[in-house]
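Subject: Structure for you, with notes on its salt bridges

Hi there,

Here is the structure I promised to pass on. Could you have a look at it, with the notes below to hand?

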Amino acid sequence: MKTLKDVEVNGTAVVKRLHGEGPTRRRIMDMGLTKGVQVMVRKVAPLGDPIELNVRGYELSIRKADAELVEVE
């Protein structure tokens with residue numbers, strides 16, 4: 001299973017499935033990370049956390065722990 005955390009910088013991926021439960025899953029969906037959306041990884045902080053993404057035309061920074069919950073293809 002490939003997650004959003006595994007995508008290289010300047011790489012793109014399509015969200016396949018969201019893992020997680022309840023409020024965590026809802027928060028990820030509210031940020032625009034839903035099934036079928038294309039995501040580009042713009043930057044990763046020097047220590048690996050957070051990860052900056054380009055989603056639906058805007059920039060989004062998420063924690064590595066949240067990125068592990070987003071399965072991509």
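Lys16 and Glu71 form a salt bridge in this predicted model, with their closest N and O atoms 3.8 Å apart. The pair brings together distant parts of the chain: Lys16 belongs to strand S1 (residues 12–18) and Glu71 to strand S5 (residues 70–72), 55 residues apart. Lys16 counts as partly exposed, at 40% relative accessibility, while Glu71 counts as buried, at 11%.

Next come the helices. Asp66 makes a salt bridge with Arg27, and here the closest N and O atoms are 3.0 Å apart. Because Asp66 sits in helix H2 (residues 64–67) and Arg27 in helix H1 (residues 22–30), this pair ties together parts that are 39 residues apart in sequence. Asp66 is buried, with a relative accessibility of 5%; Arg27 is partly exposed, at 33% relative accessible area.

A further pair joins two strands. The side chains of Arg42 and Glu52 meet in a salt bridge of 3.3 Å, N to O. Arg42 is in strand S2 (residues 38–44) and Glu52 in strand S3 (residues 51–55), so the parts they tie together are ten residues apart in sequence. Arg42 is partly exposed, with 31% relative accessible area, and Glu52 is buried, with 18%. Both residues also belong to a network of salt bridges that links them with Lys43 and Glu59.

How values were computed: Residues numbered from 1 in each chain as written. Predicted model: local features only at pLDDT ≥ 70, side-chain atom pairs only at ≥ 80, totals over all residues. Heavy atoms only, no water. Salt bridge = Lys/Arg side-chain N within 4 Å of Asp/Glu carboxyl O. Helix = DSSP H or I, 4+ residues; strand = E, 2+ residues; numbered from the N terminus. Buried < 20%, exposed > 50% of the residue type's maximum accessible area, 1.4 Å probe, protein only.
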